[in-house]
Amino acid sequence: MNEANARADSRRSADGGIHLAGLPEVFAGESLRPWLVPTGFLDSDSPAIREFVARAIGDEADERRKAVRLFYAVRDGIRYDPYRISFDPIQYRASSVLAAGYGWCVPKAVLLAACARAAGIPSAIGLADVVNHMNTEKLRQRMGGTDVFYDHGYAALRVDGRWVKTVPAFNIELCERFGVRPTDFDGTSDALYQEFDADNRRRMAYQADHGTWSDLPLDKVRDDFVQHYPRELFEQGASVLPGHAAGRPAADAGRFEDDAPLR
């Protein structure tokens, strides 16, 4: 049994992966394997993922700068879109997110984690609940009137021997349009959601961190959404819910950045 499985706070998730209450420890050698191998969602061996990673990092050899380049490639190369939420598992596969060109925080975190593994950087998927006032009236109504975003996704990366949390969700165009400072990443410190907007108004606060997984626990995200949100938030693409057929999210859902942010 390796160190990851021996930890007191580790347990097997529903998909057979590893779930930790916090960040993985600084493992070495074979103990890093669960955080480096391709998985069902983090298909880091996909040719499309490897090509995307090669373009993003170029001839960079330094691990920290590789991680930084991958963060910005995902943050700004994939448009943030919470209006097309689906529970079709295929749409959470990193290569599918890349092909779509858009995604909300969870699939974008999956893509970054997969890209990191393709570059030889250990990674994990984290989930946390946040209060987010950077919202639109349309999305708030779909969420049942709440500003709590359950199971917000982040990618944890092991860079230069230490784990850091990164959230590549909000692309730069969206931040500029909403008047929010973008999340920046230097490869050494956590890059989480923006606590304040450009006018120093408080926008986000973390409520709970549910830990990290070696692969995306999609069943947990689905179950939490069913518990906390109206079905209208996700039902058009919720293919794994009982009584729903497989399908893609509605194409006419509109663009999140075209709506007016709440002030």
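**Aromatic pairs in the predicted model**

Biologist: How many aromatic pairs does the structure hold?

Modeller: The structure holds 10 aromatic pairs, where rings of Phe, Tyr and Trp (its six-membered ring) pair if their centres lie within 6.5 Å, and planes under 30 degrees apart count as stacked, over 60 as edge-to-face and the rest as tilted. This is a predicted model, in which local features need pLDDT of at least 70 and side-chain atom pairs count only at pLDDT 80 or more, while totals for chains, interfaces and linings use all residues. Residues are numbered from 1 along each chain as its sequence is written, and side-chain values use heavy atoms, with hydrogens and water left out.

Biologist: What about Trp35 and Trp163, stacked or edge-to-face?

Modeller: Trp35 and Trp163 form an edge-to-face pair, 6.2 Å centre to centre with 80° between the planes.

Biologist: And which parts does that pair tie together?

Modeller: Trp35 lies in the loop between strand S2 (18–20) and helix H2 (47–57), and Trp163 in strand S7 (residues 162–166), so the pair ties together parts that are 128 residues apart in sequence. Helices (H or I, at least four residues) and strands (E, at least two) are DSSP runs, numbered from the N terminus.

Biologist: Is Trp35 buried or exposed?

Modeller: Trp35 counts as buried at 0% relative accessibility, and Trp163 counts as buried at 7%; buried means under 20% relative accessible area, exposed over 50%, and partly exposed in between (1.4 Å probe, protein chains only).

Biologist: Switching topic, which residues form one aromatic cluster with Phe87?

Modeller: Phe87 forms one aromatic cluster with Tyr92, Trp104, Tyr150, Phe225 and Tyr229.
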